[in-house]
Amino acid sequence: MIHRLPARPRSVAAAAFPAALGLVLCASVVPARAAVFYDVTLDLGLSDDARIFLNVTNDYFAPPPAVAVELVRRCPVPEDDYPVILYLARVSKRPPQEILRLRVDYLSWSDIMDRLNIPPSVLFVGIDRDPGPPYGKAWGSWRKHRRGERMRLRDRDVAELVKLQIAARYHRVSPYTIVSVRQKGITVEQYVADKNRAKYPKVKGASRGKGKGHSKPHGHD
């Protein structure tokens, strides 16, 4: 009679291996430098499109990982504030942490740009004619104040114009290419996300609707 040894129970590590492998495969799609930032954005409660846009923004500006994580965690409204902070930091050659401090102090984007001597023209690069809605009103206001007069834009307009600039530069297209898509009801975030979903896999439970848990505390709409 042959006595068989009892089967060895699977170790906890072995049992967890398939799940761990799945995470590794997912992470391998995300650029290694941005993997930590990607993990942080999973916890922000954003829509899938907004989360992907943040990761594309981070990929475009490529701040040091520790700086990126600190910024996006401290942003009052990360889906809007993070792109604007990095964009204004680039054009003004100021540390992004400085711009975040001003934003956390409840300054509007127009106030921040005035304080840092950032001209409104940085928001309209490549836009030499009326783009129509949803950017036409801001463009018309800028055209009237181009001679150095102080002008004020709504926070919402600044955020949307910055997203337009980032999307156009990242994908190397004219801003008008994205404007034409916007006029069909597609947001900048959706436009960018549709082109980058394979790089930043969809999170289970995420949607393409409005994110949760982030209100607009600044009151500058």
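Predicted model: local features only at pLDDT ≥ 70, side-chain atom pairs only at ≥ 80, totals over all residues.
Residues are numbered from 1 along each chain as its sequence is written, and side-chain values use heavy atoms, with hydrogens and water left out.

**Start with the cartoon view**

Helices here are DSSP runs of H or I with at least four residues, strands are E runs of at least two, and both are numbered from the N terminus. Follow the chain along its sequence and the pattern reads α-α-α-α-α-α-α-α-α-α-α.

The protein exposes about 12,400 Å², with carbon and sulfur atoms supplying 55% of that; the areas come from the Shrake-Rupley method with a 1.4 Å probe, and for residues only the protein chains shown count as cover. Of the 221 residues, 44% count as buried. Buried means under 20% relative accessible area, exposed means over 50%, and partly exposed is in between (1.4 Å probe, protein chains only).

Now for contacts, meaning heavy atoms within 4.5 Å. Among those with a separation of 6 or more, 69% join residues 24 or more positions apart.

**Select Arg-197 and Asp-49**

The whole structure holds 15 salt bridges, each one a side-chain nitrogen of Lys or Arg within 4 Å of a carboxyl oxygen of Asp or Glu. Zoom in on the one between Arg-197 and Asp-49, whose closest N and O atoms are 2.7 Å apart. Arg-197 sits in the segment after helix H11 (188-196) and Asp-49 in helix H3 (residues 48-61), so this pair ties together parts that are 148 residues apart in sequence. Asp-49 is buried, at 4% relative accessible area, while Arg-197 is partly exposed at 24%.

Asp-194 is partly exposed, with a relative accessible area of 42%.

**Last stop: Asp-128 and Arg-129**

Finally, select Asp-128 and Arg-129, whose side chains form a salt bridge at 3.7 Å, N to O. Is Asp-128 buried or exposed? Asp-128 is exposed, with a relative accessible area of 59%. Arg-129 is partly exposed, at 48%.
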